[in-house]
Amino acid sequence: MNYELIIIGGGPAGMSAAIYAARKKIRTLLLSTNLGGQMLESYQVDNYLGAPKTPGLELVNKFIGHLKNFEKTASAGAFDLEIKEGVAVKNIKQAGPVFQIHTTNDIFEGKAVIIATGKTERKLEIPGAKEFEGKGISYCATCDAPLFRDKIVAVIGGGDAGQDTAWQLTSYATKIYLLNRYQDLKGDDKDLQERLKKEAKIEILSETEPIKILGDKFVSGLVYKNFRSKEEIQVAINGIFVEIGSTPASLFLDQMLRCNNKEEIITDHNTGVTSVPGIFAAGDVTDSAEKQIIIAAGEGAKATLAAYNYLKNK
Amino acid sequence: MMKIYSTPTCPYCITLKKFLKEKGIEFNDIDVSADGKAAEEMIAKSGQMGVPVSDIDGQIVIGFDKEKICKLLKIEC
């Protein structure tokens, strides 16, 4: 199947790019594993214009509702946008004037491509981390927090996501250890940080890192190290929630585009242009200095507008 | 009838249930955040503590494993 533009990734960058493309009457295909992307697991978003204190999933549903107005099938052909969900892109190949997008079961061709694949969560790599994944270790508090009602848990990661997770857990767990590798909590929600410090259930363990996870069939303990005292301390816990950052989802590109040393796609932030003419990038997968929903949405729009000019001149 | 163990804010549970509704598959939705016994049942059946868990005639699927679910339900994905 041939398209003018193929957008890979259905988070805020991809969805915004798709709306702009549809409105420009560009024959577009949007490929996504899960519409919404990283936002799906956000407990609450309070910094997106027009959406005060909105659960991530609710905001995603608003975006999807808006996006689907532009689907070919919904608009009686007024807009030429196709959306395929549950599709994973394996790689991209250039074949003369077009790009071939290889998924598990298909090959789609497009004259221009926007990569908006975002980031994937970083996994814990200490003894017990693999063994106990799903057996007390969770990477999704919005999914699994309720299963730890009346239990003791640890949150690994003192950034925005870790703080968010710790706060979510206060509705269920009896005690929450928040392990932060730094002296202070990082991130931009100072109000949340104050609440966490005042919350009796939460014990913030600064300058610590997890060393080992203990358990039998399920997690029952955690050993962590304090950087300052050099002590190794063991605590009894039933669950561990991990929020230690994420890495760009750029591996599938197989070095087709120039990336920086963090594997982020090097992108011109005026236009979304990458090192390959005809391929644009937007959102968290790029070397954008800040990774935010509202920034990703803006970059998606920019990338489509640049792609439109590129296609006009082809 | 198929059973799904889920929590209300779990996005993958919601995607799974939406998918099943679109395919016209009936299911019993069990909210393990509200029902401790059901949570224990889910953990015992699946050997783990993540949602969603699907029980299709005794066959357990962890997470939204579309292909496995379609295969067990004998439907096209």
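Chain A of this predicted model contains 6 helices and 17 strands, where helices (H or I, at least four residues) and strands (E, at least two) are DSSP runs numbered from the N terminus. Its C-alpha trace spans about 65 × 35 × 35 Å along the principal axes. Residues are numbered from 1 along each chain as its sequence is written, while chains are lettered from A and ligands numbered from 1 in the order in which they are written. As the model is predicted, local features need pLDDT of at least 70 and side-chain atom pairs count only at pLDDT 80 or more, whereas totals for chains, interfaces and linings use all residues.

Chain A is assigned two parts: domain 1 (2-120 + 246-312) and domain 2 (123-242), with bounds that come from an automatic or database domain assignment. The centres of these two domains, taken over C-alpha atoms, are separated by 33 Å.

A helix pair comes next. In chain A, helix H1 (residues 12-23) packs with helix H6 (residues 293-312) at an angle of about 35°, and their axes are 7 Å apart. Here axes are lines fitted to C-alpha atoms, for helices over the stretch in contact, and angles run from 0 to 180 degrees between N-to-C directions. The crossing of H1(A) and H6(A) is right-handed, meaning that the near helix is turned clockwise from the far one by less than a right angle. Among the contact residues are Ala13(A), Ala17(A) and Tyr20(A) of H1(A), together with Ala297(A), Ala301(A) and Leu305(A) of H6(A); residues are in contact if their C-beta atoms, placed from the backbone, lie within 7 Å. By class, this contact has 12 nonpolar, 4 polar and 1 charged residues. Ala, Val, Leu, Ile, Met, Phe, Trp, Tyr, Cys and Pro count as nonpolar, Asp, Glu, Lys and Arg as charged, and the others, Gly among them, as polar.

Strands of a sheet pair through backbone hydrogen bonds, either parallel or antiparallel. In chain A, an open sheet of 3 strands has the order E12-E13-E14 with antiparallel pairing; two strands pair if DSSP finds at least two bridges between them. Its edge strands are E12 (208-215) and E14 (232-236). Strand E13 (residues 219-226) and E14(A) pair over 5 bridges, and Tyr224(A) has Ile233(A) in E14(A) as its bridge partner. In the loop between E13 and E14 of chain A sits Lys230(A), which has a positive phi of about 65° although it is not a glycine.

Chain B has 3 helices and 4 strands, running β-α-β-α-β-β-α from the N terminus on. Its radius of gyration is 11 Å, close to the 11 Å that the globule rule gives for 77 residues, so chain B is as compact as a globular protein of that length. The peptide bond from Val51(B) to Pro52(B) is cis, with omega near -5°; Pro52(B) lies in the loop between H2 and strand E3 (53-56) of chain B.

Finally, the two chains meet: 16 residues of chain B are in contact with 17 residues of chain A. On the side of chain B that touches chain A, H1(B) gives the most, with 4 residues.

Methods:
Rg over C-alpha atoms; globule rule 2.2 N^0.38 Å.
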